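Subject: Structure for you to look at

Dear colleague,

Here is the structure I said I would pass on. Please have it open while you read the notes below it.

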Amino acid sequence: MTSDIIIVSTPYLPGYKITKTIGFTWGLIVRSRGLGGNIAAGLRSIVGGEIHEYTQLLNESREQALDRLKEHAKALGANAVVSVEFDSSEIGQAMTELLAYGTAVVVEKDEVSASPVRLG
């Protein structure tokens, strides 16, 4: 499994130092709700409020995109991914593309204690 891949949205990883930058990595998924889910969501949109069917779809899609990102990073030889972000777009009116991307790196524990930054 890819649970040993560290994923962060920051360009650094506290307590670790980046020893090698491998490069761009991503995880992509295109999903669509089935006809029943689209009908239920359409009816729910008439009265307003959260459309649970689509919220669940997007949450599942984000998890799958991150899993694919981790798999890709591991295949590249990385043990971490920094600067992770998501992007999404609609394909037609029935499909959603979700992309998780970042920079694949190799990190190791940093034995040097962090020192505070002093200004002025």
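The notes below go from the overall fold to the cores and then to the aromatic residues.

Please keep in mind that this is a predicted model.

Overall fold. The protein has two helices and four strands, and along the sequence they follow the pattern β-β-α-α-β-β. Of the contacts with a separation of 6 or more, 74% are between residues 24 or more positions apart. Buried residues account for 23% of the 120 residues. The exposed surface comes to about 8,000 Å², and 54% of it is supplied by carbon and sulfur atoms.

Cores. The largest nonpolar core has 11 residues, including Ile 5, Ile 29, Leu 69, Val 81, Val 84 and Leu 98. At least two residues of this core come from each of helix H2 (52-76), strand S3 (80-91) and strand S4 (95-109). Apart from this core lies another, of six residues, with Leu 13, Ala 80, Val 82 and Val 105 among them.

Leaving aside residues up to four places away in sequence, Val 81 touches Ile 5, Ile 6, Ile 7, Val 8, Thr 25, Leu 69, Ala 73, Gly 102, Thr 103 and Ala 104.

In the six-residue core, I looked at Leu 13. Leu 13 sits in the loop between strand S1 (6-7) and S2. Its relative accessible area is 10%, so Leu 13 counts as buried. With residues up to four places away in sequence again left out, Leu 13 touches Ile 6, Val 8, Ala 80 and Val 107. Leu 13 and Val 82 are 69 residues apart in sequence, while their C-alpha atoms are 7.5 Å apart in space.

Aromatic residues. A search of the whole structure gives two aromatic pairs. In one of them, Phe 24 and Tyr 101, the ring centres are 6.0 Å apart and the planes are at 35°, so the pair is tilted. This pair links distant parts of the chain, since Phe 24 belongs to strand S2 (residues 16-31) and Tyr 101 to strand S4, 77 residues apart. Phe 24, Trp 26 and Tyr 101 form one aromatic cluster. Tyr 101 has 23% relative accessibility and therefore counts as partly exposed.

Elsewhere, Arg 62 lies over the face of Phe 86, at 5.9 Å from the ring centre.

Regards

Conventions
Residues are numbered from 1 along each chain as its sequence is written. This is a predicted model: local features need pLDDT of at least 70, side-chain atom pairs count only at pLDDT 80 or more; totals for chains, interfaces and linings use all residues. Side-chain values use heavy atoms; hydrogens and water are left out. A nonpolar core is a set of buried Ala, Val, Leu, Ile, Met, Phe, Trp, Tyr and Cys residues joined through side-chain atoms within 4.5 Å. Buried means under 20% relative accessible area, exposed over 50%, partly exposed in between (1.4 Å probe, protein chains only). Contact means heavy atoms within 4.5 Å. Rings of Phe, Tyr and Trp (its six-membered ring) pair if their centres lie within 6.5 Å; planes under 30 degrees apart count as stacked, over 60 as edge-to-face and the rest as tilted. A charge sits over a ring if NZ of Lys or CZ of Arg is within 6 Å of the ring centre and within 35 degrees of the ring normal. Accessible areas come from the Shrake-Rupley method with a 1.4 Å probe; for residues, only the protein chains shown count as cover.
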